[in-house]
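Please look over the structure first.

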Amino acid sequence: MSRSLGLVGLPNAGKSTIFNALTSGASRVEAYPFCTIDPHRGVVAVPDGRLDRLAGLFPDKRRVPTTIEVVDIAGLVQGASQGEGLGNQFLADIRGVDAILHVVRCFEDLNVAHPAGTPDVRRDIEIVETELLLKDLETLQRRRERAAKVARTGDRPAKAELTVLERLVQEVAMGNPIRALALTEQERALLAELAPLTAKPVLYVANIGEEDARARLEEIRQFAEAHGAHWIPLMGRLEAEVAEAAEDAEEQAVLLSAWGLTESALIRLVRAAYELLGLVTFYTVEGPEVRAWTVPDGTAAPDAGAEIHTDFRSRFVLAEVMSLDQLLTAGSERALREAGRVARGGRDYVVRDGDVIHFICA
Ligand SMILES: Nc1nc2c(ncn2[C@@H]2O[C@H](COP(=O)(O)OP(=O)(O)OP(=O)(O)O)[C@@H](O)[C@H]2O)c(=O)[nH]1
Ligand SMILES: [Mg+2]
């Protein structure tokens, strides 16, 4: 299943521009059915040099990259949590994503209105986060009222839930996002049900124009550091123009290099998002395909197999595991086998980034 990233931010921060940079041209996965469903959702192929090199060993097989979904979410204004602007639609959109790409406007342009006059990194970030916090506060308070009512009847679980909710309401009311809290098992279980917005991991994306943005980047850097968060700068409009003009990834790379950019926004964002979400990539060579798959770091082999087919979890017998680097050096699977470098993993084998796996199933 593809992971999804939601572009969130103030109106005119450049979310749709960045969406276009990520989903147009070479990065589109045309065969993917969701690609055309909705102009605000795109499924893109994850650029992966290792997959390309692996596929080079199997010239008659099709290369199938793993995918990631990007969602262009409507701009969020002050009061959005109370239904201002486009109201509550953005909430449903944010609830559905695995991580938030918080787009922060760093470009100057008098022709592009800013909802608060002029860009101010810290204030702009805070407007957006405050709305998310207010929405979570509302969710938690509503649940607290319900728990309080049941607790008055002497119900033990409701009393325990009420205690948990009291603390969470207090933290969120003080402006602490849920992702910043150290949670107990009990809190975690309750939150899994409530799916609060501020529990989602966030990556700050500084959208810079062609003018000097050093002062704003420094502010973002400091903000992110103080909050233990990741951030990346990118030139959204330039990247969108290049992605639209280029026929394929190679041409895109050539055009970007003229601007001194060595990697596309997509490559950099995907890498940052994988790190943020703790994801690893493993590979399979089966039938007509050489294919990349994404799983959370720490996934055991039967669960990784279930990405391919749900049956694989129960039918799992063993995993034959090769390291992609060793396979590339050996030049063929056969050479690697003869050198005795194909490992066998049981049900408790934990998949590592860069594994090439044959799943042996009953
Ligand atoms: N000058 C300049 N304009 C930019 C840059 N990036 C985006 N824009 C322009 O800013 C305007 C708003 O960009 P969008 O990408 O539509 O912004 P958005 O965040 O999707 O806005 P909403 O959908 O209204 O929330 C467009 O006219 C873009 O062309 C930039 O780096 N420099
Ligand atoms: Mg937009």
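**Cysteines and cavities**

The count of disulfides (pairs of cysteine sulfur atoms within 2.5 Å) comes to zero. This is a predicted model, in which local features need pLDDT of at least 70, side-chain atom pairs count only at pLDDT 80 or more, and totals for chains, interfaces and linings use all residues. Residues are numbered from 1 along each chain as its sequence is written, and side-chain values use heavy atoms, with hydrogens and water left out.

**Cysteines**

- Cys106 has a relative accessible area of 1% and is buried (under 20%, with exposed over 50% and partly exposed in between; 1.4 Å probe, protein chains only).
- Cys361 is partly exposed, at 21% relative accessibility.

- The whole structure holds two cavities of 30 Å³ or more; a cavity is a set of points on a 1 Å grid over the protein atoms alone where a 1.4 Å probe fits but cannot get out, and lining residues have an atom within 4 Å of a point.

**Second largest cavity**

- The second largest cavity has a volume of about 30 Å³.
- Leu5, Leu22, Ile68, Val70, Leu266, Leu269 and Val270 line the second largest cavity.
- α10 supplies the largest share of that lining, three residues.

Note on methods. Chains are lettered from A and ligands numbered from 1 in the order in which they are written. On a 1 Å grid over the protein atoms alone, a cavity is a set of points where a 1.4 Å probe fits but cannot get out, and a pocket is an open set with protein on both sides within 12 Å along at least five of seven lines; lining residues have an atom within 4 Å of a point. Grid points are joined across faces, edges and corners, and a volume is the space filled by probe spheres set on the points. Helices (H or I, at least four residues) and strands (E, at least two) are DSSP runs, numbered from the N terminus.
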